[in-house]
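User: Hi! I am new to reading structures and would like to go through one with you, step by step. Could you show it to me?

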Amino acid sequence: MRKDQSGPGATPSGEQRDSALKIAIVDESPIRAAILEDGLREAGFTQVERIAGTHNLLERIYALDPEVILIDLENPSRDVLEQMFQMSRAVKRPVAMFVDQSDSASIQAAVDAGVSAYIVGGLKKERVTSILDLCISRFNAFARLQSELDHAKGALEERKIIDRAKGVLMQAKKMTEEKAYAVLRTTAMNQNKKIVEIAQSVLTAAELLK
Amino acid sequence: MTQKLRIGYIPLVDATALLVAVDHGFAATEELDIELVREVSWSNVRDKLNIGLFDAAHLLSPVAIASSLGIGHVRVPLIAPFNLGFNGNAITVSPRLFTMLSSAADGDLTDPKVSTRALARVVAQLKSRGAEPLTFGMTFPFSNHNYQLRFWMAAGGVDPDEDVRLVVLPPPFMAESLANGQVDGFCVGAPWNSSAVNLGVGNILHFGCEIMTRVSEKVLALRENWAEENTDMVTRLVRALTRASRFVDEADNRDRVASIVAQRLGTTPELVVRTLTGNLKTAREGPVRTNGSYILVGRDGTNRPDPVQAAWAYAQIVRWRQAPLSEELRAAAQNVFRADIFDAVVGGPATVDCGDTRDSIGVFAGPEFEPGDIAGYLAFWQSNRVQRPRLSVVR
């Protein structure tokens, strides 16, 4: 606990201790890790460290000696952390978040979002609930972003295919660009297919007839 | 009525019976609509089974026991009504360590008695030079990979906690870690040893069955309370898996099995066949080693969850100080392996063939295992702990 509790702008001791919780983020996705770190810092947690890569993971975690470890569930290195629970280990022994079964809803939410948290022995669950909630919302937000991005990438790909098909038609049939697009669209409608599928067929056919 | 089930698994050859049950229609015949969910870590498999996201899981046998006893993690009673695989692991070492072991060997290195003595000499040499200790990778604290490495090392006088480093390493990282020197060796299941061999970064030193002739590797694990509420589903599941295992064992079906497993694992059918028949290259340009017991998917009665195997796993947990020894825990461990459910489904006890092992485990060193006297069994290893070969033995 800090000595300047009574100083200006001091928060109640409980909160102050929480902001000083040392948090380690182990995530293979650097973007998601950055999003999570930002979120935690905004929430007032000042001691947040990202651990990237898999080399000597356990040693690096021990060196950091965090009170909370957050790891994504797509990470095979989760099993590496299990070694921390071994009886023969002399170091501080973290316990998994899953230990508290009374709160199965938040555990389910965490697993659904794809994140898991480990806390050191003796740390009260209430003190990390806000961290876990924050993780869940940031992980979900990241998943939404990711799917939007995938969608946008897909749309761009489709655009390119259609443009190339238009080019093929314009050259082979001496059409204008508008006419070429109209042909693709009408064909798609008649065959009950997407324009991009027709465009792809045009490209394939052009490739074969080369 | 068709029932939906979600089952988690890790892409390993010992999930074969489960994969074939689903992909070749044995589950559908039992009106089970199974969604197989591929996972990246045993922690995920265990936790998702524990909290009910999975109805069943392909699980390391010692994890099923540890979870039921509440060791190392939250206690969730699991049962294993079906044994998916016996054996299937191997110890692979870097070419550098292989050369060191070869020059320290006083006989044929394929004999684990010889290799463990050689290891002890190498460890002593490194220590006397003040070099870094050897590091070995294994897949999970509660796994045969951990216990087989430890058993092998300790038999030659190497203390796995003092003389070497043992680290958990996810199987997909094993070959790379061996190549870049992060580890000097590892114990892992198929197909990961062969991956390292094919890349030329490792030599298979031992098949797991050379250390322990018969050891339960993976079970189908269910939450005990779920199994009690869904007895009919458990019966159908065990029946589908039993049929799948018989199918796997018929030589005529080999191509079909290999193609199913290869597709699910992302490997080649050829490697799956080599694994299932126990014909593995031990070095990229080296000889093929053959052992019919390399991996057992139901053969010789290994589908039956054997309480002796559960006691053996618990004895390893105790030996390596992951849990205390008590009669209560021993009984609880044995109750995880539900031979009664299996026997009721398949109609009477299966014919179990333990080969020439007298205690049905068949380890290469030490006394026979007596499930009723774990304390006595472990006392042998306690008293033999300090017998280390001296440096003067080195040629």
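Predicted model: local features only at pLDDT ≥ 70, side-chain atom pairs only at ≥ 80, totals over all residues.

User: In what order do the six strands of the open sheet in chain B come?

Analyst: Residues are numbered from 1 along each chain as its sequence is written, and chains are lettered from A and ligands numbered from 1 in the order in which they are written. Strands (E, at least two residues) and helices (H or I, at least four) are DSSP runs, numbered from the N terminus, and two strands pair if DSSP finds at least two bridges between them. The pairing in this sheet of chain B is mixed, and the order is 2-1-3-10-4-13.

User: Which strands of chain B are the edge strands?

Analyst: Look for strands that pair on one side only. Strand 13 of chain B is joined to strand 4 (residues 78-87) by two bridges, and these two run antiparallel. The edge strands of the sheet in chain B are strand 2 (32-38) and strand 13 (295-296).

User: Which residue of strand 13 of chain B stands opposite B:Asn87?

Analyst: Strand 13 of chain B runs antiparallel to strand 4 of chain B. Opposite B:Asn87 stands B:Ile295.

User: Are helix 13 and helix 14 of chain B roughly parallel or roughly perpendicular?

Analyst: Axes are lines fitted to C-alpha atoms, for helices over the stretch in contact, and angles run from 0 to 180 degrees between N-to-C directions. Helix 13 (residues 254-265) and helix 14 of chain B pack at about 115 degrees, with their axes 8 Å apart. Angles under 35 degrees count as roughly parallel, over 145 as roughly antiparallel, 65 to 115 as roughly perpendicular and the rest as oblique. Therefore helix 13 of chain B is, relative to helix 14 of chain B, roughly perpendicular.

User: Which residues of helix 14 of chain B does helix 13 of chain B meet?

Analyst: Two residues are in contact if their C-beta atoms, placed from the backbone, lie within 7 Å. Helix 13 of chain B brings B:Arg254, B:Ala258, B:Ser259, B:Val261 and B:Ala262, and in helix 14 of chain B they meet B:Pro269, B:Val272 and B:Val273.

User: Which helix of chain A gives the most to the side that touches chain B?

Analyst: In total, 24 residues of chain A are in contact with 25 residues of chain B. Helix 4 (78-81) and helix 5 (104-113) of chain A each supply at least two residues of that side of chain A. The most, four residues, comes from helix 5 of chain A.
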